Protein chains: 2
Amino acid sequence: MMIPTLDDIAAAAERIKGIAVRTPLVRNDLLDEITGARIWVKAENLQRGGAFKMRGATNAIAALTPEVRARGVLAFSSGNHAIAVSTAARIFGVGATIVMPADAPRIKLDTTRANGAEVITYDRVNESREAIGAKVSGERGLALIKPFDDPFVIAGQGTAGREIGEEISPDIVLCPGSGGGLASGIAIALPQAKLFAIEPEGHDDITRSLKSGKRERNAPGIRSICDGLLTEEMGDITYEIARTRFAGALSIPEIEVKRAMAFAFRNLKLVLEPSGAIALAAALTGAVEIKGKTVAVIASGGNVDQPTFIDALNA
Amino acid sequence: MMIPTLDDIAAAAERIKGIAVRTPLVRNDLLDEITGARIWVKAENLQRGGAFKMRGATNAIAALTPEVRARGVLAFSSGNHAIAVSTAARIFGVGATIVMPADAPRIKLDTTRANGAEVITYDRVNESREAIGAKVSGERGLALIKPFDDPFVIAGQGTAGREIGEEISPDIVLCPGSGGGLASGIAIALPQAKLFAIEPEGHDDITRSLKSGKRERNAPGIRSICDGLLTEEMGDITYEIARTRFAGALSIPEIEVKRAMAFAFRNLKLVLEPSGAIALAAALTGAVEIKGKTVAVIASGGNVDQPTFIDALNA
C-alpha cells in the first residue's frame with residue numbers, strides 16, 4: 001500500500017498548476033463571533049468544476065503515461081468526481097466514460113455530459129457501480145480514475161491542505177468525510193493540525209471505524225441530502241490514513257447541514273452544496289470544541305440543485 | 001476638486017490592509033465559452049461586509065485625524081455603504097450613525113444595526129437623505145463619510161482595481177455604475193483598460209451624461225431590483241472622472257440582471273445581489289463587445305434578501 005507523502009503532495013501541486021485553481025480562504029466576522037474561534041473557510045466550491053475533486057482527478061490523469069492516457073479514462077462517481085474527471089479529460093484532450101447513479105443531482109449529470117463525457121447511469125440501491133465500472137473498463141481498455149483510494153488522487157486532494165498551510169497554521173481542520181480522499185490528503189498535508197472528519201447522520205462509518213478500530217461499512221441504499229458523502233466504506237489507503245492521522249470523526253444531522261448552507265448564503269455569500277456545508281455545520285453547532293482555536297473549515301463543493309438549495313434556505 | 005491619483009490608491013491599499021480583504025478573481029470555463037472572452041470575476045461579494053464599500057469606508061475613516069474620528073462618523077446609504085461604515089467604525093472603536101431608506105433590504109438594515117450603529121430611516125421617495133444627514137451631522141458634530149464623492153472613498157474603492165492589476169492586465173473592465181465611486185476608483189487604478197459603467201434600465205444617468213456631455217440626473221423615486229444603484233446623480237468628482245476616464249456606459253434590463261444572478265449561483269457558486277450581478281449581465285448578454293478580450297467583471301456585492309434571490313433563480 002502506497003501512502004502519499006508531503007513530497008507527493010508537492011509534486012501534485014506542480015502538476016495541477018494552471019488547471020485546478022488556488023481557492024481563497026474566506027473570513028467572516030459573525031462566524032468568528034458565533035464560534036469563539038478564528039475560522040478560515042477553504043472555498044473549494046470556487047474550485048474549477050465547483051468542487052475539490054478537480055485536484056485529485058487532474059493529478060491522477062496527469063500522472064498517467066501519455067500512451068495509457070490516450071486510450072481514455074473511466075470513473076464511477078456520485079457527481080463531483082464525475083465533473084472533475086470529465087473536465088480534466090477534456091483539458092488533456094482524451095475521452096472520458098463516467099458511471100453515475102441515476103438519481104445524482106441533475107446539475108452534476110448535466111455538467112458531466114456538457115464536458116463531452118459518455119455517462120452510464122445505474123441504480124444506486126440495486127446495482128454496484130464498481131462492477132459496472134470494472135466491466136466497462138475491461139471492455140474498452142480505459143484507465144480507471146478511482147474516486148478516492150488512489151495515492152495520486154489523495155495527493156491531489158492534499159494540495160488543498162498544502163495551500164491552507166502556506167497561509168495559516170490551523171490548530172484544527174474540519175473536513176467532510178466519506179471515502180476519505182480529501183480528509184486523508186489534507187491530514188498528510190497538515191501534520192501539525194488535528195483533523196476531524198465530518199459525516200452525515202446515519203452514514204457515519206468513519207466515526208464507527210475510529211471507535212471500533214476496524215473498517216466499518218454503511219448499510220447500502222441510505223439516502224441523505226449530502227449526496228457527495230454516501231460512499232459504502234473507506235478504501236484500504238484512506239482507512240489506513242484515517243486510523244493513524246485523524247484526530248476524530250463525528251456526524252451531523254441533516255437540519256444542521258441545511259442551516260449551514262443558509263448561513264453560507266447569508267453571511268459568506270457562497271453557494272455550498274450539502275456535502276460542502278457539513279464541516280461548516282460542525283463549526284456552527286459546536287460539535288467539535290474549537291473555542292479559541294485557529295480553524296480551517298473545508299467547504300468542499302457548491303454543485304447543488306436549485307430546489308435543494310431553496311429548501312435549505314427555508315429550513 | 002481633488003482627483004485621486006495612483007499614489008492615493010497605493011496609500012489606501014496600505015491603510016485598508018488587514019481590515020478589508022483582498023478578494024479573489026474567479027474564473028469559469030462556461031463563462032469564457034459563452035462570451036468568447038477571457039473573464040476574471042472580481043468577487044467583491046466576498047469582501048468584508050459583503051460588498052466593495054468596505055474599502056472606501058475604511059480608507060476614509062482611517063484618514064480622519066484621531067480627534068475628529070473619536071467624535072463618531074455619519075453616513076447616508078441605501079445599504080452597503082451603511083454596512084461598511086458601521087463595520088469600519090466598530091473596528092476603529094468609534095460610534096456610527098447611519099441614515100438609511102426605510103425600504104432598504106432587510107439584510108442591510110439588520111447587519112448595520114448588528115454592527116452597533118444607530119440607524120435613522122427615511123422615506124426614499126418623499127425625503128432627502130442629504131438633508132437629514134446634514135442636519136444630524138451638524139447637531140452631533142459627526143464626520144460625514146460620503147458614499148462616493150470623496151477622494152478618500154474613491155481611492156479606497158480603487159484598491160479593487162489595483163488588486164486586479166497586480167494579477168492580470170485587462171483590456172476591458174465592466175463595473176456597476178451609480179454614484180460612480182467604484183467605477184471611477186477602478187478607472188484611475190487601471191488606466192490602460194477601457195472601463196464601462198453598467199446601470200439598471202431606467203436609471204441610466206451615467207449613460208446619458210456621457211452622451212450629452214453634461215451631468216444628467218435620474219427622476220427621483222424610481223424603483224429597481226438593483227437597490228444599490230439608485231443614486232440620483234454622480235458627484236462633482238466622480239462625474240469629472242467618468243467624463244475623462246470612462247470608455248462608456250450602458251444600461252441592462254432587470255430580467256438580465258436576474259439571469260446573471262442565477263448564472264452566478266449555478267456556475268460561479270457565488271451569491272450576488274442584483275447590483276452586484278449587473279456587470280456580469282453585461283458580459284453574458286454581449287451588451288459590450290468583449291470577444292477575444294481579457295475582461296475584469298466587477299461583482300460588487302452579495303447582500304441580497306432571500307426572496308429576491310429565490311425570485312432571480314426562478315426568473
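Predicted model: local features only at pLDDT ≥ 70, side-chain atom pairs only at ≥ 80, totals over all residues.

**Entry 1**

I checked how chain A goes onto chain B.

Next I looked at where they touch. Chain A puts 17 residues into the contact, and chain B puts in 17 residues too. On the chain A side, α12 (254–268) and α14 (306–313) each supply at least two residues. The largest share comes from α14(A), with three residues. I sorted that side of chain A by class and got 10 nonpolar, four polar and three charged residues. Also, 100% of the interface residues of chain A are interface residues in chain B as well, so the copies meet through the same surface.

**Entry 1: chain A as a whole**

I counted 14 helices and 10 strands in chain A. Its radius of gyration is 18 Å, close to the 20 Å that the globule rule gives for 315 residues, so chain A is as compact as a globular protein of that length. Along the principal axes, its C-alpha trace spans about 55 × 40 × 40 Å. Buried residues make up 58% of the chain. I also took the contacts between residues at least 6 apart in sequence: 73% of them join residues at least 24 apart.

**Entry 2: a sheet in chain B**

What is the strand order in the open sheet of six strands? In chain B I read β1-β2-β10-β7-β8-β9, with mixed pairing. The edges are β1 (25–26) and β9 (248–252) of chain B; each has a single partner strand, so one side of each is left without a neighbour in the sheet.

Then I zoomed in on one pair. Strands β7 (172–176) and β10 (294–299) of chain B run parallel, joined over three bridges. Here Val173(B) stands opposite Ala296(B). Helix α9(B) packs on the sheet and touches β7, β8 and β10 of chain B, its direction making about 160° with that of β7(B).

**Entry 3: a helix in chain B**

Which residues of helix α11 (236–245) of chain B are buried? I found Ile237(B), Thr238(B), Tyr239(B), Ile241(B) and Ala242(B). Their cover includes α8 (151–167), α9 (181–189), β8 (194–200) and α10 (205–212) of chain B.

Note on methods:
Residues numbered from 1 in each chain as written. Chains lettered and ligands numbered in written order. Contact = placed C-beta atoms within 7 Å. Buried ≥ 20, exposed ≤ 12 C-beta atoms within 10 Å, placed from the backbone. Helix = DSSP H or I, 4+ residues; strand = E, 2+ residues; numbered from the N terminus. Pairing = 2+ DSSP bridges. Axes fitted to C-alpha atoms, helices over the stretch in contact; angles between N-to-C directions. Nonpolar A, V, L, I, M, F, W, Y, C, P; charged D, E, K, R; others polar. Rg over C-alpha atoms; globule rule 2.2 N^0.38 Å.
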